[in-house]
Amino acid sequence: MKTQKTIRAALLGFGTVGGGVYKLLVRRKDELADKTGASMEIGAVLVHNIHKKREGVDPALLTDDFEKIVNDPSIAIVIEVMGGIEPARTMILRALQSGKNVVTANKDLIAVHGGELLAAAKENGVDLLFEAAVAGGIPIIRPLKQCLAGNELSDVVGIVNGTTNYILTKMFEENKDFDEALERAKELGYAEADPTADIEGLDAGRKVAILASTAFHSPVVFDDVYTEGITKISSSDIKYAKEFECVIKLLGIARERRGQMEAYVCPMLLPEDHPLATVRGSFNAVFVHGDAVDDVMFYGRGAGEFPTASAVVGDVIDVMRNMEYGCMGRIGCGCYRSVPVKKFRDVKNKFFIRMQVTNRPGVLASIAGELGRHKVSISKVVQKVITKGSAELVIVTEEVKEYHMSEALEDLKRLEAVQEVSSVIRSY
């Protein structure tokens, strides 16, 4: 009878996610042995302050010395849940170079240095897995790399930030304004004290970089992704979205078209019959189109202690199985192509434009003429009188290149009849 071996792991970080990973590994201890053929033991937990009391973990495991972990030959898996670029990057590189497998939930790091880290994993014949870096507990990286590998993918579109989705849901369903919905998100723990990364689209942008690289087999980094947040969305915009039978969602979009990729994040009007339109509150979802599978959608909790821990522990189980069968590194980077990312100015989108204009004959004609001069075609116009001398004008355009729209808006603002361009939102 084969003697069951023990695989030892170290946790780097013991915050919300780290604590969840530890609890889940303890909870699943017996099942891990059945699922992988080996038992799991946590050998060390790296923390900043070893004197801080932490519930549910043996104080003897705590250390503030990474050298003890990286130089311990009995530790085969390093689980990084610290976040941030440094020192996480240096620690993961050293772990990989010392022959240790790594599981990470660090989207910031993978979105910027993923290529470097995956190359190090390949060079040293070990695993680097990062399912939890995108959409928390929702399986998406593994499906893109494995389950959908028989497809040529063309679109990956997602709601990948729970904070902004919660805020927009509250604005849409309860008629709250942005600031009020944000404060409620903070109270519930969905938003950080400084929510900039969420509400400005930066968090979603990092996830789009990872999704695009994975789906289209070509490296995309965070700097390649155009990002725009939801801070300018108003209750008036929500009102018009309802009138147009749409919702407004912060979408992360990765596409491949004619040998070029598009990668961007922005709020968009989304028809209410689209599957992503039904994603409410803090939930996330990723919608994928492939030539063989057609449309599929992955939906669930995009963040939180146990949803994220679920993805991390799933990766740990995968590493343990690979170790048992001696096949580490079997699914690595996957970026075997070089597809350029299109400059955002050349991307085509439809637009919703809301403006305040002087209420007099000929104004609409002058605005339409200005748009036409910049190759912007109009598909819909709604005009509502606000006062005797002022009207609110909403124009929905056909698809137009971003730079044509940008130039048109600059010239519109110079028209005497245009008092204010209040909102510019893209339409999916």
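Hi everyone, let's start with a helix pair: H7 (residues 162-174) and H8 (residues 178-187) pack with their axes 9 Å apart, at an angle of about 130°. Axes here are lines fitted to C-alpha atoms, for helices over the stretch in contact, and angles run from 0 to 180 degrees between N-to-C directions. This is a predicted model, where local features need pLDDT of at least 70, side-chain atom pairs count only at pLDDT 80 or more, and totals for chains, interfaces and linings use all residues. Residues are numbered from 1 along each chain as its sequence is written, and side-chain values use heavy atoms, leaving out hydrogens and water. Helices (H or I, at least four residues) and strands (E, at least two) are DSSP runs, numbered from the N terminus.

So how do H7 and H8 lie relative to each other? They are oblique; under 35 degrees counts as roughly parallel, over 145 as roughly antiparallel, 65 to 115 as roughly perpendicular, and the rest as oblique. On the H7 side, Tyr166, Ile167, Lys170 and Met171 make the contact, meeting Phe178, Ala181, Leu182, Arg184 and Ala185 of H8 (contact means heavy atoms within 4.5 Å).

Now the strands, which pair if DSSP finds at least two bridges between them. Six of them form an open, parallel sheet in the order S3-S2-S1-S4-S5-S6. Its edges are S3 (62-63) and S6 (128-129), each pairing on one side only. Inside that sheet, S1 (residues 5-12) and S2 (residues 38-46) share 8 bridges, with alanine 10 partnered by alanine 44 in S2.

Finally, S11 (residues 283-290) and S12 (residues 294-301) run antiparallel, joined by 8 bridges. A hairpin links S11 to S12 through 3 residues, and valine 288 has valine 296 of S12 as its bridge partner.
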